[in-house]
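Dear colleague,

I am handing over the structure we spoke about, and below it you will find notes on what turned up. Please keep the model open while you read, so that each residue can be looked up in turn.

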Amino acid sequence: MIIFPIFKYLISNSIIINSVFYRSVIAFILSICISFFTNKKIILWNKKKSIGERVRNLGLKEQKEKEGTPTMGGLIIIISALIPTMVFSRLNNLYILILIITTLWMGVLGFIDDYIKIKYHKNGLSFMGKILGQIILGIFIGVFMSFNKKITTFNQKIDYCSKKYPSLLVSEEHNFKTNIPIFSHINEFDYANIFKKKWKKYTWIIFVPIVIIIITFISNGANITDGIDGLTAGVSSIIFATLSLFSLISSSKIYSYFFHFLYIPNIGEITIFSFSFLGSLIGFLWYNAYPAQIFMGDCGSLTIGGVIAAISILIRKELILPILCGIFFIENFSVIIQVLYFKFYKIKYGIGKRIFLMAPLHHHFQKLGYHESKIVYRFLIIQMMLSMIVVILLIT
């Protein structure tokens with residue numbers, strides 16, 4: 001067969017070993033396979049043991065039918081993403097280490113929450129317990145990026161004086177630069193510019209809280225969105241595909257200059273992690289699509305949100321998140337608005353009043369009579385549009 005000589009040629013010439021793209025594709029396929037078959041085994045095992053999700057009574061149609069559905073999908077997502085990452089990425093890469101730590105930290109936080117729910121039939125970790133865990137992670141990533149001098153970007157410009165072809169002149173530096181989504185060839189923003197020159201060394205005072213807010217908000221947003229079959233996994237898959245594209249562009253001097261991205265050395269390994277996570281989500285989504293045979297639980301949703309935030313921060317694209325993660329933002333704000341409006345109305349008029357029939361927003365549409373599959377499909381369409389908008393804003 002011709003495939004074996006081709007594969008031997010690729011290996012012998014180190015094309016697969018040295019190419020981030022090829023390693024990403026193989027990691028993607030492997031993660032899908034691990035996720036697909038492991039989820040199937042977990043579903044069968046849970047049916048025998050009768051271990052499953054305890055569903056709160058929200059007065060929604062078909063809600064009680066979900067009682068007892070296996071809720072270990074989040075653990076499988078994490079395992080399916082980490083195994084290919086550890087096999088095909090360079091584990092001495094700082095960015096990979098940060099993402100592995102992020103995944104494990106948020107996974108443990110979510111697992112504890114799920115364990116309390118299943119074992120003790122309680123509501124899981126308190127809201128402040130989750131927030132504290134997210135704040136600790138935000139401090140870790142923010143401080144690491146602020147003070148580790150190996151976290152750098154390159155300033156680039158074209159050398160038109162070259163006799164043959166124009167070449168890129170670059171200067172490497174540790175900085176607080178990031179990309180912003182605007183229609184301009186100058187789409188960079190430096191957090192240090194907030195301060196006067198003599199105070200620029202204190203930029204971390206602003207940067208670290210911003211990282212904490214981003215991780216907390218996106219992680220909780222993914223967690224809140226995980227309320228109907230296939231929603232969080234579907235939306236997150238599109239987001240991971242978009243971030244994978246951005247990390248590929250940011251890892252290339254030529255492409256990053258052409259598309260007005262910051263060139264970040266050694267960032268290409270993130271693509272392998274991102275592709276692995278994407279594959280694990282697709283394998284999970286096969287069983288999580290309506291009617292769901294398995295749930296991801298907080299172990300999955302908190303981890304997904306935390307990882308999306310971490311990748312965006314590492315590839316210097318965190319300011320696109322209000323658009324790219326628009327679904328998570330809307331779901332988050334729907335809960336905040338509902339709670340604040342209810343309390344305001346109760347204090348002022350003595351009786352609570354709600355804006356939405358139920359929060360978060362996807363439950364509002366369920367109360368209006370929409371089937372959850374229709375809600376998911378429309379949210380996925382919106383997410384595709386948001387991803388396209390972000391790509392257009394950044395590369396034009």
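Let us start with Lys 130, which lies in helix H6, the stretch of residues 127-147. Please bear in mind from here on that this is a predicted model. Is Lys 130 buried or exposed? Its relative accessibility is 11%, and because buried means under 20%, Lys 130 counts as buried. If residues up to four places away in sequence are not counted, Lys 130 touches Leu 109, Asp 113, Leu 125, Asn 223, Asp 298 and Leu 302.

Which side chain does the side chain of Glu 269 meet in a polar contact? The partner is the side chain of Arg 23, at 2.8 Å.

In soluble globular proteins, nonpolar side chains tend to be buried together. The largest nonpolar core here holds 75 residues, and the members that touch the most other members are Ile 141, Ile 218, Phe 240, Phe 246, Phe 277, Ile 308 and Ile 311. Helix H11, made of residues 297-314, gives the most to this core, namely 10 residues. Taking Phe 240 as an example, and again leaving aside neighbours within four places in sequence, we find it in contact with Ser 274, Phe 277, Leu 278, Leu 281, Ile 304, Val 307, Ile 308 and Ile 311.

Finally, here is the protein as a whole. It has 15 helices and 4 strands, and of its 396 residues 49% count as buried. Among contacts with a separation of 6 or more, residues 24 or more positions apart account for 73%. The accessible surface comes to about 19900 Å², and carbon and sulfur atoms make up 69% of that surface.

With best wishes

Conventions. Residues are numbered from 1 along each chain as its sequence is written. This is a predicted model: local features need pLDDT of at least 70, side-chain atom pairs count only at pLDDT 80 or more; totals for chains, interfaces and linings use all residues. Side-chain values use heavy atoms; hydrogens and water are left out. A nonpolar core is a set of buried Ala, Val, Leu, Ile, Met, Phe, Trp, Tyr and Cys residues joined through side-chain atoms within 4.5 Å. Buried means under 20% relative accessible area, exposed over 50%, partly exposed in between (1.4 Å probe, protein chains only). Helices (H or I, at least four residues) and strands (E, at least two) are DSSP runs, numbered from the N terminus. Contact means heavy atoms within 4.5 Å. A polar contact is a pair of N or O atoms within 3.5 Å; within protein, one must be able to donate a hydrogen and the other to accept it, and residues adjacent in sequence count only if both atoms are side-chain atoms. Accessible areas come from the Shrake-Rupley method with a 1.4 Å probe; for residues, only the protein chains shown count as cover.
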